[in-house]
Amino acid sequence: MLAGTLLAGCQSIIEQTYEPTISPSSNPQIVDEVQKNDPRAQMGAREHPRIVASYGGEYKDAKTEKLVARITGALTLVSENPNQSYRITILNSPAINAFALPGGYLYVTRGLLALANDASEVAAVLSHEMAHVTANHGIERQKKEEAEVIASRVVAEVLSSNIAGKQALARGKLRLAAFSRNQELQADVIGVRMLGEAGYDPYAAARFLDSMAAYARFTAVDPDNDQSLDFLSSHPNAPQRVELARLHARAFGAEGTIGDRGRDYYLAGIDGLLYGDAPEEGYVRGQTFMHGKLGIRFDVPNGFQIDNKADAVLATGPGDVAIRFDGVADSRGQDLVNYISSGWVTGLKPETIRPISLNGLEAATARAAADRWEFDVTVVRIDKQIYRFLTAVPAGSKALEPTAAILKSSFRKLTPAEVTSLKPLRVRVVTARAGDTVASLAGRMMGTDRKLDLFRLINAMTATSTVRPGEKFKIISE
């Protein structure tokens with residue numbers, strides 16, 4: 001289930017399945033042997049378990065792993081440092097992200113793979129990250145504080161700084177330092193050169209930057225003021241940077257005339273890729289969160305964006321309103337009124353604590369205030385688990401009561417039939433037939449109430465793009 005903050009910094013995540021040879025040999029050198037005495041690799045090795053844990057673990061799928069290994073291998077052959085070995089990890093996260101650690105640790109999320117439309121676009125991301133490694137940017141950069149997103153502030157300000165509070169904040173504090181502007185531009189130049197020399201379409205870098213920016217706008221609650229810490233927050237997407245990528249690509253030839261995009265083998269490699277939330281973390285379907293194993297569901301108000309993390313479900317909405325949902329074990333069956341007042345809530349107003357019933361479930365609710373925030377705190381017991389809702393609004397906001405009311409009224413146990421019907425969403429590659437249109441293909445999308453917009457987005461289509469028989473497209477379905 002539930003939550004943390006997205007990593008900042010230049011990032012790319014991939015699994016330890018590809019162990020390239022340094023040069024053609026009948027006795028190839030593997031990564032472990034090559035990196036044994038490399039202090040940079042030791043730095044990466046220390047951080048690797050934390051990175052993997054914070055992004056939901058490694059994504060295991062032989063077909064997709066071979067695809068990413070193929071792309072990385074082609075880039076390694078044209079790397080500025082042919083003696084640099086790489087460990088590539090696919091992270092089991094729907095976030096759009098990629099990054100590198102010192103010593104050749106590369107990472108890419110399955111969310112980024114789902115957004116890309118061909119091998120050259122993934123190669124553009126990986127070549128950029130490999131450039132940071134070969135230029136030793138990870139050694140040069142210095143740590144700096146990143147601004148907390150609203151949902152993280154909810155935890156920081158409402159939970160007391162006891163052990164439980166510190167554990168809840170642990171992932172939110174994980175940060176990768178951002179690279180400087182000069183380092184990013186240097187990696188852009190090196191990355192585009194690697195793309196072209198590896199035989200890929202060198203214009204893929206600019207193309208995929210545009211796709212990621214479009215996705216960021218699509219998922220933002222407030223597109224003009226979004227503070228999410230994703231790939232683009234740490235890899236600036238200024239128009240001049242995109243144009244610079246195109247300028248460097250022109251050294252190889254005119255756009256559309258050179259380089260391989262690798263679209264067919266790429267789509268074959270991601271057909272069936274898990275999309276969105278992993279089953280063990282529950283499912284987001286529009287404004288509803290459902291968890292089959294826990295057997296629960298609830299709704300958030302219209303206009304809210306749900307962010308389902310490993311430790312919590314976070315949701316943010318207009319007006320700086322934020323929601324956090326999580327659960328704690330309750331083997332003792334303690335009284336819920338006493339539990340709310342047991343010290344884990346900062347700024348609790350004792351006179352507001354009262355027992356309630358939510359759809360037949362034992363519950364309790366209270367109000368709290370801390371700094372510039374007001375909170376509704378609601379806890380519900382199911383068997384030996386206590387579920388907690390924290391709703392936060394800026395002091396004086398009128399949104400607290402109606403927001404919390406929707407959470408409370410919609411929280412209930414799933415029926416056995418509902419649990420059985422829950423299936424993960426996947427990327428499915430379909431071939432257009434005669435009579436198919438953008439609208440008819442988009443109508444087959446599942447898991448979103450913005451089918452047409454998401455279909456165009458994941459297929460990099462404009463408002464005027466059309467469908468021709470025989471063309472392949474990605475859709476999201478079970």
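Here is a short tour of this structure, one selection at a time.

Before you click, know that this is a predicted model, where local features need pLDDT of at least 70, side-chain atom pairs count only at pLDDT 80 or more, and totals for chains, interfaces and linings use all residues. Residues are numbered from 1 along each chain as its sequence is written, and side-chain values use heavy atoms, with hydrogens and water left out.

**Stop 1**

Select residues 361-370, which make up strand β12. Strands here are DSSP runs (E, at least two residues), and helices are runs of H or I, at least four residues, numbered from the N terminus. Seven of the ten residues in β12 are buried, where buried means under 20% relative accessible area (1.4 Å probe, protein chains only).

Two strands count as paired if DSSP finds at least two bridges between them. Click Arg354 and you can find its bridge partner, Thr365, in β12. Two residues sit between the strands of this hairpin, and Asn359 takes a positive phi near 50° there.

Ala366 stands opposite Val377 in β13. This hairpin also has two residues between its strands, with Asp371 at a positive phi near 55°.

**Stop 2: Thr109**

Jump to Thr109 in strand β3, residues 105-109. Is Thr109 buried or exposed? Thr109 is buried, with a relative accessible area of 0%. Its side chain reaches the backbone oxygen of Ala95 at 2.5 Å, a polar contact (a pair of N or O atoms within 3.5 Å; within protein, one must be able to donate a hydrogen and the other to accept it, and residues adjacent in sequence count only if both atoms are side-chain atoms).

**Stop 3: a three-stranded sheet**

Find the open antiparallel sheet with the order β4-β16-β17. Its edge strands are β4 (274-275) and β17 (472-477), each pairing on one side only. Tyr275 stands opposite Leu425 in β16.

**Stop 4: the cores**

Which residues have the most contacts inside the largest nonpolar core? They are Ile71, Tyr266 and Phe455, in a core of 70 residues. A nonpolar core is a set of buried Ala, Val, Leu, Ile, Met, Phe, Trp, Tyr and Cys residues joined through side-chain atoms within 4.5 Å. Helix α5, residues 119-134, supplies the largest share, nine residues. Finish with a second, separate core of 24 residues, including Val321 and Phe411.

Methods:
Buried < 20%, exposed > 50% of the residue type's maximum accessible area, 1.4 Å probe, protein only.
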